[in-house]
Amino acid sequence: MGAPTTGRALVGVSACLLGEEVRHDGGHKRDGFISGPLTRAVELRPVCPEVDIGLGVPREPIELARRGDDLRLVASESGTDLTAAMRSYAEAKVQELDAAGICGYVLKSRSPSCGLGSVPIDDTETGDGLFAAALSGLCELLPLVEETGLVDDDAREVFLQRVLAYRRLRDLFDGEWTIDNLIGHHTRQELLLMAQSPELHSELGRLVAAGGGDPAEVEDSYRRLTMEAFRKKAGPARHADALSHMQGYLQDRVQEAEYRELERKIGLFCDGDCSLSRVLDDFRLLVKKHSVDYLAAQVYLDPQPFELLYPTPPLLNDNQGNSPDAAQG
Ligand code: SF4
């Protein structure tokens, strides 16, 4: 298994969610969002742990069972214990995926192998499937989600934003890095971090400004704080702050009429009458036109998760007589 081939972030996925007929009964659990919009935004790498350990299709159903303090993976009818085989496979497979550059994982809920927190155990409790447990244990900060956690647009954006943040951290830290690399990375992320969490933006800024110290500790803190900043979706008020900050930066660099138009667009955004992607489009044009290097380098002006998932933005009235955007795909 190699690195991603498309240039997009590499994300693992339970193979049955992409429509592969690998379930115990020969069926699949194709998910329309995962096999549709998500495939345009990331490079999905399907994995079926049960097929990979040689159980075949069709196969006897398996389940989790508690034996004292231990959790066992057993075949439901024959009682065959598959725990050692699955744990050994999962550890090696997760290491392989990590080495390939994986930046997130979408897991099938309730599966004794793939489920994350939703798997019935002896009908008395729920827990993690053995493959999912290996993923969360070995890649602590890796964005993980079950397909049931991707049913609305907000949840989808949060997951993709986390995947993209994780990828940027990998790009920075996976090889040799210097404090100058970290400063450059942090500078490019500033406005996005400001929108995500002003508090963590400040804390990360202090960490970077302190410089020096044990590189491993700096890296660990920077990774943890960054992923914490992307735990939730940024609300409109925080985006408005980040947009106003960018507008202020442009004040002496653009024409008066351009500055006022940005102000008007931010106002429309705050009133819910203009999409974020449309305001960012305006900023991109001006930043390019006036060659504003600091803003041109900002990750915040890259395509946002919603634009990656649904290239045509949602219909919103921007009150200026423009032809409306088509409905989202
Ligand atoms: S849930 Fe996981 S183990 Fe089960 S069929 Fe899907 S990919 Fe395979």
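Colleague: Domain bounds here come from an automatic or database domain assignment. So what separation do the centres of domain 1 and domain 3 have?

Modeller: Taken over C-alpha atoms, those two centres are 41 Å apart. Keep in mind that this is a predicted model.

Colleague: And where does each domain run in the chain?

Modeller: Domain 1 covers residues 10–149, domain 2 covers 153–229 and domain 3 covers 236–309.

Colleague: What box do the C-alpha atoms of the chain fill?

Modeller: Along the principal axes, the box is roughly 75 × 50 × 35 Å. Inside the chain you'll find 14 helices and 8 strands.

Colleague: What is the mean pLDDT of the chain?

Modeller: The mean is 93, and 94% of the residues reach 70 or more. Over residues 314–329, though, the pLDDT is below 50. That stretch still has 25 contacts in the model beyond near neighbours in sequence.

Colleague: OK, new topic. Which residues touch the most other members of the largest nonpolar core?

Modeller: This core has 77 residues, and the ones with the most touching members are Val11, Tyr105, Val106, Phe131, Leu135, Val163 and Val279. Helix α6, residues 153–173, gives the core its largest share, 7 residues. As a general background point, nonpolar side chains in soluble globular proteins tend to be buried together.

Colleague: Let's zoom in on Val163. What does it touch?

Modeller: Leaving out residues up to four places away in sequence, Val163 touches Ala9, Val11, Val42, Cys103, Gly104 and Pro143.

Colleague: How many of the residues of the chain count as buried?

Modeller: Buried residues make up 34% of the 329 in the chain.

Colleague: Then what about His186, is it buried or partly exposed?

Modeller: His186 counts as partly exposed because it has 19 C-beta neighbours inside 10 Å, while buried needs 20 or more and exposed means 12 or fewer. You'll find His186 in helix α7, residues 179–196.

Colleague: And which residues is His186 in contact with?

Modeller: Setting aside neighbours within four places in sequence, His186 contacts Leu204 and Val208. Val208 is 22 residues away from His186 along the chain, and their C-alpha atoms are 7.7 Å apart.

Definitions and conventions: Residues are numbered from 1 along each chain as its sequence is written. This is a predicted model: local features need pLDDT of at least 70, side-chain atom pairs count only at pLDDT 80 or more; totals for chains, interfaces and linings use all residues. A nonpolar core is a set of buried Ala, Val, Leu, Ile, Met, Phe, Trp, Tyr and Cys residues joined through C-beta atoms within 7 Å. Helices (H or I, at least four residues) and strands (E, at least two) are DSSP runs, numbered from the N terminus. Two residues are in contact if their C-beta atoms, placed from the backbone, lie within 7 Å. pLDDT is the predictor's confidence in each residue, from 0 to 100.
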